[in-house]
Amino acid sequence: MKTSLTTQMEETLYYFLRENGFIAIEEVTTPDEQGIVDTLGCRLDNKQQFEWRCYELKVSKADFRSSAKLSFIGHYNYFVLPEQLYISVKEEIPSHIGVLVYHPYISEDLPLSGFFITEKKPQRQLLQVNEDELLYHLISSQAREVGKAKQTARGLHTFSTKQVYKELKKRQPEYDLFGGGANYYDRFIEDTQNQAIEALKEELEATREAYFQLEQKLDKEHRN
C-alpha cells in the first residue's frame with residue numbers, strides 16, 4: 001500500500017510529464033528482468049526518435065537505501081524525492097542520475113498537491129534495453145490501466161452470473177460462517193489494516209526525518 005505522500009508525488013509527476021509532452025505510465029515492468037520502473041515517460045524528440053525517461057520515487061531514507069532494484073534503463077533517469085530527503089541523501093546520488101524535488105502546496109484548494117523543482121539534471125545514457133520490447137511493455141501497462149478503469153466503471157456487470165457464482169464457491173470453504181474461525185472477509189479486513197499500519201509507519205518515518213532536518217536547520221540559523 002502506498003503512503004499518501006507517495007500517491008501525491010506520483011499524481012503530480014504524472015501531470016508534470018503530460019504537460020511536458022510525455023506519455024506517462026506507472027509501474028512498468030522492463031525487459032530482461034531489469035525490474036519495475038515506478039514511472040516511465042516517453043516522447044518523440046526533435047529528430048522524431050523516442051526519448052525514454054525513468055523515475056524512481058522515494059519518501060524515506062529506508063526507502064532510498066533499500067535493496068530493491070533501481071530500473072534506471074532510460075536515456076534520462078531521475079530520483080523523485082521530498083526536499084528534506086534530498087538534503088539528507090544528495091551525496092549518495094550517482095553523478096549521472098537527475099533529481100526532481102517535490103514541494104507540496106500549502107493550499108488544499110488547488111488541482112494538484114504540489115510541484116517539482118529540478119535540483120539535479122541527469123546525464124544522457126544509451127537505452128539499456130531493446131527499444132521495441134520496452135515499447136511493448138509500455139503499451140501493455142497502459143492496456144492494464146485501461147482494463148482496470150473499465151472494470152471499475154462496470155463493476156460486476158463485466159462478469160456473468162456463472163462467473164460470480166464460481167468465484168464465490170471457490171471462497172466458500174474459507175468462510176467459516178458458524179464455527180467462529182477466521183472468515184475470508186475478516187482476513188481481508190485484517191490484511192488491509194496491516195497494510196495501512198505499515199504505510200503509516202513509513203510516512204511517519206519520512207515526517208520525522210523532515211522534522212529533524214528542519215530542526216537542525218533552524219538551530220544552525222539560531223547559532224549564526
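**Salt bridges, hairpins and cores of the predicted model**

Arg43 counts as partly exposed, with a relative accessibility of 26%. Throughout, buried means under 20% relative accessible area, exposed over 50%, and partly exposed in between (1.4 Å probe, protein chains only). The model is predicted: local features need pLDDT of at least 70, side-chain atom pairs count only at pLDDT 80 or more, and totals for chains, interfaces and linings use all residues. Residues are numbered from 1 along each chain as its sequence is written, and side-chain values use heavy atoms, with hydrogens and water left out.

Arg43 forms a salt bridge with Glu51, and their closest N and O atoms are 3.5 Å apart. A salt bridge here is a side-chain nitrogen of Lys or Arg within 4 Å of a carboxyl oxygen of Asp or Glu. Glu51 is buried, at a relative accessible area of 7%. Arg43, Glu51 and Arg53 are linked in a salt-bridge network. Arg43 also stands opposite Glu51 of S3.

The whole structure holds five salt bridges. Another of them joins Asp63 to Lys58, with 3.8 Å between the closest N and O atoms. Both partners are buried: Asp63 has a relative accessible area of 19%, and Lys58 has a relative accessibility of 5%. Arg65 and Glu92 meet through their side chains in a further salt bridge (2.5 Å, N to O). Arg65 lies in the loop between helix H2 (61-64) and S4, and Glu92 in the loop between H3 and S5, so this pair ties together parts that are 27 residues apart in sequence. Arg65 is partly exposed at 48% relative accessibility. Glu92 is partly exposed at 39%.

The chain comprises six helices and six strands. These are DSSP runs, numbered from the N terminus (helices, H or I, at least four residues; strands, E, at least two). Their order along the sequence is α-β-β-β-α-β-α-β-β-α-α-α. Of the 224 residues, 32% are buried. The chain exposes about 15,000 Å², of which carbon and sulfur atoms supply 52%. Accessible areas come from the Shrake-Rupley method with a 1.4 Å probe, and for residues only the protein chains shown count as cover. Among contacts (heavy atoms within 4.5 Å) with a separation of 6 or more, 51% involve residues 24 or more positions apart.

S1 and S2 pair in the antiparallel sense over six bridges; pairing requires at least two DSSP bridges between two strands. Ala24 stands opposite Gly41 in S2. Six residues separate S1 from S2 in their hairpin, where Asp32 takes a positive phi near 60 degrees. S2 and S3 also run antiparallel and are joined by six bridges. Five residues lie between S2 and S3, and Gln48 in the turn has a positive phi of about 60 degrees.

The loop between S1 and S2 contains Thr30. Thr30 is buried, with a relative accessible area of 3%. Its side chain makes two polar contacts with backbone atoms. A polar atom of the Thr30 side chain lies 3.5 Å from the backbone nitrogen of Gln34. The Thr30 side chain also reaches the backbone oxygen of Gly35 at 2.7 Å. A polar contact is a pair of N or O atoms within 3.5 Å; within protein, one must be able to donate a hydrogen and the other to accept it, and residues adjacent in sequence count only if both atoms are side-chain atoms. Beyond four places in sequence, Thr30 contacts Gly35, Val37, Ser71, Ile73 and His137.

The largest nonpolar core has 23 residues, of which Leu40, Trp52, Phe79, Leu81, Ile93 and Leu134 touch the most other members. Such a core is a set of buried Ala, Val, Leu, Ile, Met, Phe, Trp, Tyr and Cys residues joined through side-chain atoms within 4.5 Å. Elements giving two or more residues to this core include strand S1 (23-29), strand S2 (36-44), strand S3 (50-57) and helix H4 (131-154). A second, separate core of 15 residues includes Tyr55, Leu57, Tyr78 and Leu100. Leu40, leaving aside neighbours within four places in sequence, contacts residues that include Ile23, Val28, Trp52, Leu134 and Leu138.

Lys121 sits in the loop between strand S6 (114-120) and H4. Lys121 counts as exposed, at 69% relative accessibility. The C-alpha atoms of Lys121 and Tyr78 are separated by 8.3 Å, although the two residues are 43 apart along the chain.
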